[in-house]
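Good morning, and thank you for coming.

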Amino acid sequence: MAQIFHPSTNTISRVSLFGALFFLAFLAWVVGAVYRSPYVTRQYAPIEQPVPFSHKHHVTDDGIDCRYCHTSVETSSFAGIPPTKTCMNCHSIIWRDAPILQPVRDSYRTGEPIKWERVDFVPEFVFFNHSIHIHKGVGCTTCHGPVGDMPLTWQATSMHMRWCVDCHRQPAEQLRPRSEVFNVNWQPPPNQAEWGEQLMKDYNVKSLIDCYTCHR
Amino acid sequence: MPSMPPPAEEPVVGPGYTYASVTEKISAIVLTRRTPRFWWAAFSTAFLFFLLLQVAIGYLFYKGVGIWGINIPVAWGFAIVNFVWWIGIGHAGTLISAFLLLMRQEWRTSINRFAEAMTLFAVACAGLFPLLHLGRPWVFYFLLPYPDTMRLWPQWRSPLVWDVFAVSTYATVSFLFWYVGLIPDLGSMRDRARNRFARALYGMLAMGWRGAARHWHRHQIAYLLLAGLATPLVVSVHSVVSFDFTIAIVPGWHSTIFPPYFVAGAIFSGFAMVLSLAIPIRKIYHLEDLITMRHLDNSAKILLATGLMVSYGYLMEIFTSWYSGNTFEQYMSHNRMFGPYAPVFWSVIFCNVLSPQVFWFKKMRQNIAVLFIVSIIVNLGMWLERFMIVVGSLHRDFLPSAWHMYYPTFWDLATLFGSVGLFVTLMFLFIRVLPMISISEMRELVGEKEEEAAETPAGGVS
Amino acid sequence: MNSGKQYWRSLEERAQSKEFQEWVHREFPVDASIWEDEVSRRQFLKMMGASLALAGLTACQMPQEKIVPYVKQPEEIIPGKPLFFATAMPLSGYAMGLLVWSYEGRPTKIEGNPEHPASLGATDALAQGSVLQLYDPDRAQAVTEAGEISDWPSFFNDLDAAMADQRIKNGAGLRILTGTVTSPTLSRQIEAILRKFPAARWHQYEPVNRDNIRAGSQMAFGEIVEPVYRVDKADVILSLDADFLMEGPGRIRYARDFANRRRVRNGQTAMNRLYAVESTPTNTGAVADHRFSVRADEIEGIVHELSGGSPTRSWVGPVLRDLEAHRGSSLVVPGDQQPPVVHALVHALNHALGNVGHTIIYNQPVEARPTDQTESLRELVNEMRGSKVDLLVILGGNPAYDAPADIPFAEAMTKVNLRIHLGLYQDETSWLCHWHAPETHFLETWSDARAFDGTATIMQPLIAPLYEGKSVHEFLAAMLDQPGRKSHDIVRETWKLDDNRWHAALHDGVVPDTKSRQKNVTLRKFSAPSSPSHSGTEIIFRHDPGTYDGQFANVGWLQEWPKPLTRLTWDNAAWISPVTAHRMGVENGDVVELKYQGRSLEAPVWIVPGQRDDAVTVHLGYGRTKSGRVGTGAGFNAYTLRTADAPWFGGGLEIRKTGKHYPLSTVQHHQNMEGRDLVRVAPIEEFIRNPSFAHNEVDQPSLYPGYAYTDYKWGMSIDLTACIGCGACVVACQAENNIAVVGKEQVAKGRHMHWIRIDRYYEGSLESPDTFFEPVPCMHCENAPCELVCPVGATVHTDDGLNAMIYNRCIGTRYCSNNCPYKVRRFNFLQFSDIKTPSRKLQYNPNVTVRNRGVMEKCTYCIQRIESAKITAELQDRRVHDGEIVPACAQACPTRAIVFGDINDKASEVRQLKAQPHDYGLLVELNTRPRTTYLARIRNPNPEMKT
Amino acid sequence: MKSRSRPPIYGLVAEFQGPDDLLTATKEAHTAGYRHMEAYSPFPIEGLAEALNFRKTRVPLVTLIGGIIGGCGGFFMEWFSATIHYPINVGGRPYNSWPSFIPITFEMTILCAAIAAVLGMLALNGLPMPYHPLFNVERFSRVSRDRFFLCIEARDPQFDRAGTREFLEKFNATGVYEVDH
């Protein structure tokens with residue numbers, strides 16, 4: 001009989017056969033990588049807002065405390081989003097005519113709420129409570145990132161369950177004194193490890209990795 | 001190690017065959033002979049059922065498992081019954097090829113190829129159901145170990161996870177075993193095939209097999225090793241399947257006898273299915289000389305033997321439940337025999353315990369019709385047995401207040417018959433495009449026959 | 001569906017309104033975008049919450065009408081934090097005090113008010129279900145004229161015109177029909193109208209009324225008084241066909257008092273004793289120490305025998321002796337369904353036993369104007385037929401559906417020129433009226449009502465009217481030419497309270513010193529006109545436990561709620577005895593024809609052990625034709641057989657097999673325990689002899705080292721002696737945990753979703769079986785079989801030993817359910833949860849995930865409550881106190897049969913209870929180590945009577 | 001298949017009627033000192049490989065290694081995830097419930113061993129090799145039917161076009177053909 005295949009097929013077939021395995025592995029890796037990438041988690045992407053509100057300016061430059069706007073953060077699961085009234089407390093005096101604040105003034109006049117875009121959120125089967133985290137010495141920036149340096153706010157973390165769990169297992173690495181919780185410039189001391197341990201004792205912080213801690 | 005059968009027995013291959021003629025005869029079915037009308041008829045019927053399966057699955061994914069008859073307490077219904085049934089059937093193939101190969105049972109030769117194929121397709125059908133029966137099939141991948149974003153893993157203590165590994169391993173190994181055995185024949189096909197495309201295709205699949213002595217040597221070793229691995233695997237797979245029940249505390253499930261008794265049952269049903277397939281095929285393709293009465297006779301004997309093991313299983317279940325003195329166990333046995341599902345139990349007894357007894361008589365073993373009918377009965381009986389175990393145990397467990405009946409819906413039946421359709425469809429495709437009997441091994445047999453003729457001492461298969 | 005649309009419109013209108021924007025914008029600007037894209041359920045909920053909260057607030061937060069949150073709760077709304085408000089639910093006029101959870105202005109869950117005498121913190125199934133009724137999209141949503149949507153102004157024009165005519169005739173043609181009225185404000189308003197229209201008449205009618213009680217006291221004392229029982233003081237109780245634990249305005253209080261006298265604890269073995277003489281099985285009979293089954297018309301004879309007659313029945317003697325042995329601490333309770341003469345005789349009997357003033361006291365009537373309601377209705381109908389009525393105003397109620405068969409109300413209506421109906425639903429009556437006006441739900445309005453002992457509650461709105469409803473007060477105000485007057489002002493005017501006392505009243509949910517004054521009555525000679533004892537098969541009428549008189553027919557929770565004794569759902573049925581069934585050759589669901597006084601009715605039968613062979617019991621409140629998508633068409637209408645002269649029972653019933661079959665859905669198919677000791681029972685003597693008769697020492701050896709639960713260790717104890725099987729826990733759980741309603745067909749398939757169920761077993765003879773109730777929630781086994789088999793770890797253990805179920809990890813293999821020996825797991829075989837109906841979503845508890853298709857679910861011990869309590873405690877740097885966490889089931893339980901707490905806490909009640917000798921676990925022989933255990937049922941039979 | 005100094009042809013192949021002819025021819029060729037040769041047959045013939053002085057194959061070793069890797073890997077995965085990575089209390093069982101880990105360990109062993117065996121066999125056989133010089137020989141297609149072949153390759157030091165042909169024809173070969181590259 002005559003040859004069916006050209007000599008090159010030998011190499012081709014071997015490469016394709018054994019290469020297939022590596023290719024599949026590579027593919028799997030790519031999928032995983034993409035899934036964890038900011039493209040999917042929407043990390044680090046400043047979110048367009050109806051009013052280009054700058055935490056950087058208000059927090060770092062003006063030194064306004066988080067709680068001035070997010071009033072219920074210490075008492076409730078929900079941190080609370082400020083009413084236009086809160087904005088107007090100052091902006092009826094300063095930057096009164098800044099065109100950039102037009103939407104705020106309109107909102108105040110018409111009562112039409114400013115429709116902010118949500119930055120950080122968890123799915124509906126996850127029950128997150130701000131007050132307890134604050135009380136246990138978890139700083140705002142621990143989860144929300146360097147808010148003080150954000151001209152426009154972005155999601156600072158992946159918000160993957162893995163990320164939550166890692167901290168819930170080793171809280172010591174993240175804790176800070178209650179007094180520093182709202183400090184956006186907080187830097188962990190070199191001896192954070194043992195210091196965190198101490199704080200865990202002081203604040204009676206347990207490592208909670210029960211499913212029921214978040215899923216109900 | 002059992003040696004060659006005494007000459008008294010019928011030959012495993014009819015007289016007057018040469019290397020050439022066996023090769024031609026088998027390959028011709030695929031290559032030259034035109035597809036018989038029967039094939040089209042059977043194939044299209046099977047395909048219709050396959051379509052029904054697709055409809056059933058579509059509706060299932062759209063609505064949810066509520067379209068079936070399952071409920072609380074009977075949360076497992078047809079899906080699991082079918083799964084266990086198919087897996088059971090899927091055991092004969094590998095067992096025939098692997099176990100009998102190790103046992104040097106040369107009569108396996110002409111039936112192992114399609115028995116293996118049968119295994120593959122049965123496992124394919126079986127593999128469907130664990131996925132279909134999920135409440136949320138779209139997250140089936142939670143069952144697999146992979147580095148996820150949740151830090152979570154499968155729960156290794158659950159028999160269902162064991163299933164995932166066992167079944168996928170079994171599917172893979174069966175496929176490799178089948179394929180490795182197929183390589184030389186693919187070579188033959190390549191060299192026989194007339195049309196260009198076919199030659200290219202078989203050529204690719206044959207990987208350039210050219211019957212070199214060194215290749216044969218390694219091939220034989222690998223094949224033997226695979227057989228050595230497959231044999232314990234077969235046993236482990238159905239044991240694992242039986243763990244789905246034994247690990248649970250449900251009366252009627254929680255029993256140490258299950259693994260062996262499930263394996264026996266698997267071989268039982270597997271051989272029944274082999275017969276149900278072999279008998280019509282040898283008739284239609286006139287393979288009486290290759291699949292001889294000897295094969296059928298031996299299969300019948302195995303049916304009888306495994307049938308007796310299964311019967312022993314039933315007996316022991318009843319005995320232990322009585323002997324245990326455990327109220328729940330005792331009630332279960334009683335309920336099985338006289339409860340609302342009693343008809344199932346008694347049909348199981350008829351199908352799996354009584355009907356194989358006819359094979360005590362050579363006459364019966366030699367009677368094609370009887371063989372065929374009994375094999376069908378046994379297939380049915382084994383399905384009913386699984387129904388008895390799954391539903392019969394669940395519908396009345398510990399708290400009488402929770403007891404409830406289970407009635408299958410149209411969709412339950414559609415899925416069952418649909419899966420049969422899928423199985424037959426694949427089976428017919430197989431006999432259409434691949435040699436359903438191992439050509440090279442047949443040549444080997446012919447070779448041995450000649451040696452016998454030449455009075456040379458008979459050796460086993462190399 | 002279009003009702004849904006209308007709903008949306010009204011909501012959006014509200015949403016556009018200025019205040020709404022203000023509010024949203026104050027609390028949830030972020031979520032405002034949800035209007036466009038429905039992101040996540042909870043955000044959506046908050047949204048809806050927002051709109052309604054706003055509505056609620058505009059109605060409630062104006063300075064002069066500030067509603068006052070319950071004890072120690074923040075006064076202002078904090079998103080994500082619930083508020084409690086005290087109010088009351090009126091049923092047949094009588095009030096049950098409630099506390100209502102409110103999330104961002106959405107009432108989501110109803111609980112009992114501990115300070116209210118009729119509740120003591122507990123509720124019943126109906127109260128639990130009423131919150132779903134609030135959000136029922138089938139409620140009347142607009143004023144309709146002859147079925148066409150109209151509006152209030154045009155209605156009032158019409159009304160004013162009619163009233164103007166009446167003014168000329170002094171209201172001679174004006175008739176007002178209400179239900180039982182205890183509301184001071186309502187009566188004040190009606191009286192005002194009557195003053196204005198001297199010739200007008202006010203009629204009251206309730207299908208489930210207390211005519212017999214009134215007539216009885218009239219007969220015995222010559223005046224109408226309200227008998228109130230002090231069950232807590234009674235050592236021996238004899239119930240004469242009285243289901244006093246499940247019926248009547250004092251039921252919950254009585255149940256608590258009854259149970260409190262039966263708790264066998266730490267060697268305290270004194271128990272009260274209950275004899276139940278009854279004509280048809282009831283829960284009271286089921287928990288009684290002795291149950292005697294008699295014909296309803298034999299009760300009178302029995303009272304005679306008890307009061308000095310010659311006993312013909314063997315048991316009368318011993319019972320009487322027992323009663324006499326406890327003079328002053330015994331109590332005889334006549335059934336509401338028994339004729340006046342029985343009540344009169346029982347008054348005399350209690351008098352003779354010296355119980356008056358001790359176990360029974362007589363009060364001023366609670367009703368504003370006690371009337372013989374059946375007579376009142378008959379009178380009205382006669383006038384209507386005589387065309388004496390030009391203007392008929394029906395305030396609530398549904399007489400066209402529930403009037404006695406021999407008082408042709410519906411037919412007589414046609415003779416009235418102008419017919420007006422104010423009601424929650426477009427019901428049978430509305431369709432016969434010219435005008436239908438939507439009434440506010442009791443959670444939507446200001447009002448007031450009085451409890452069985454007279455204690456008044458000022459009801460405050462939890463939410464502004466969802467639809468265009470007006471309260472009866474606003475309606476009457478309009479009739480009094482004060483249109484647009486707000487309920488709040490009207491109620492406030494009734495109670496001349498200064499701000500502090502007003503706030504105090506609202507805050508506590510009770511108005512101080514409003515208890516009815518006690519009356520010393522003098523028994524007068526009365527000739528007992530013995531009511532004719534009838535022959536032949538008896539027909540017995542009872543109101544349905546789920547739909548009551550029919551008003552809850554459209555509440556899915558109550559339809560799917562298994563009725564305590566039959567465990568039947570979605571239907572009523574004619575109860576017949578096993579013997580009768582056998583004689584007639586019928587089975588459950590076979591349809592029979594009931595012929596009674598020339599009327600006939602077809603009904604499916606249900607075979608009830610303990611039912612008399614010569615009696616058939618039918619339940620009122622089904623067979624609604626205009627009730628809504630849920631209730632319409634369910635069951636049969638027993639009112640069509642019910643006559644005014646014999647409203648509760650009568651003789652001469654003929655019953656005939658039709659050969660038809662009607663499928664009935666029950667949740668329990670097997671009634672006996674198959675000799676398995678699931679419910680453990682013993683008479684008190686045996687307990688004294690062997691206190692640990694029920695206890696099972698379980699120390700199965702284990703290869704594995706156990707886990708040490710060192711922190712919190714939650715557990716539950718259920719007292720089977722206290723449980724009366726009322727089923728309040730089932731609905732409470734459903735309300736708290738967003739449990740789906742699956743419908744009749746799915747229930748028939750065995751797919752109901754209740755997380756806690758009350759198993760009901762029978763033992764003994766079919767004629768007079770022992771009936772046992774056993775609530776079964778998840779046992780939270782420490783060696784949970786379900787967890788072991790879950791392939792993805794969707795159900796695992798927590799550090800405090802709970803058996804957690806994580807829905808979002810569940811892939812739905814259902815293996816866990818197979819391996820659960822208690823079968824308490826529930827699976828979403830289809831998309832059962834309603835995630836479409838907007839109003840339905842409002843009720844969902846925002847702290848509990850709504851489960852969708854394909855996931856398993858089960859009792860969590862109300863984890864949301866546990867976690868929030870833990871967080872609260874942590875915020876205050878303390879441990880959770882015992883009793884701080886109360887699961888919904890325990891909270892609702894009238895008899896406090898369910899106790900939850902921390903087993904590691906030495907002081908905790910649950911730990912005490914688990915230490916009792918008669919504590920036992922269900923199926924512990926499986927080594928599941930359940931955290932939920934039971935206290936065996938202990939009975940106190942009369943030693944004199946060896947049954 | 002390039003070799004340093006590429007001979008003009010691949011080799012000579014002789015065709016035989018039956019297995020015995022092939023076997024003897026092969027043995028003789030080996031004793032005659034030919035080394036670079038290969039025998040081809042429609043089915044495995046006992047002793048043929050030995051005749052080519054081919055006894056040991058590494059397939060079993062490869063399989064063993066595969067099995068060990070699979071087994072250890074499987075158990076490690078279970079142990080690590082259940083005790084280190086996210087330990088959870090499941091039904092009161094210890095984190096390291098090794099008895100429950102056995103089935104998967106076993107399956108993994110089999111799986112990896114089997115895959116190793118097959119891939120090992122293919123690799124050692126140098127398969128896939130869809131193109132082979134022998135396929136240029138028309139008659140060679142019958143090797144998959146009923147004919148037996150012995151091919152002596154040109155790169156064999158003893159190879160000599162004429163001499164080798166002569167040598168081969170000694171053993172009643174039905175034909176001897178040249179094999180082009």
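**The interface of chain B and chain C**

The side chains of B:Asp397 and C:Lys823 meet in a salt bridge, with 2.8 Å from N to O; the term stands for a side-chain nitrogen of Lys or Arg within 4 Å of a carboxyl oxygen of Asp or Glu. Across the interface of chain B and chain C, the rule finds one salt bridge.

This is a predicted model, in which local features need pLDDT of at least 70 and side-chain atom pairs count only at pLDDT 80 or more, while totals for chains, interfaces and linings use all residues. Residues are numbered from 1 along each chain as its sequence is written, chains are lettered from A and ligands numbered from 1 in the order in which they are written, and side-chain values use heavy atoms, with hydrogens and water left out.

The contact (heavy atoms within 4.5 Å) takes 54 residues from chain B and 53 residues from chain C. About 4,400 Å² is buried between the two chains, and carbon and sulfur atoms give 59% of that area; buried area is the accessible area (1.4 Å probe) that two parts lose on being put together, summed over both. Of what chain B buries against chain C, 16% is supplied by B:Ile72, B:Leu399 and B:Ser401, more than any other three residues.

Let me turn to B:Val348, in helix α11 (residues 342-354) of chain B; helices are DSSP runs (H or I, at least four residues), numbered from the N terminus. B:Leu384 lies 36 residues from B:Val348 in sequence, yet 6.1 Å away in space, C-alpha to C-alpha.

Definitions and conventions:
Helix = DSSP H or I, 4+ residues; strand = E, 2+ residues; numbered from the N terminus.
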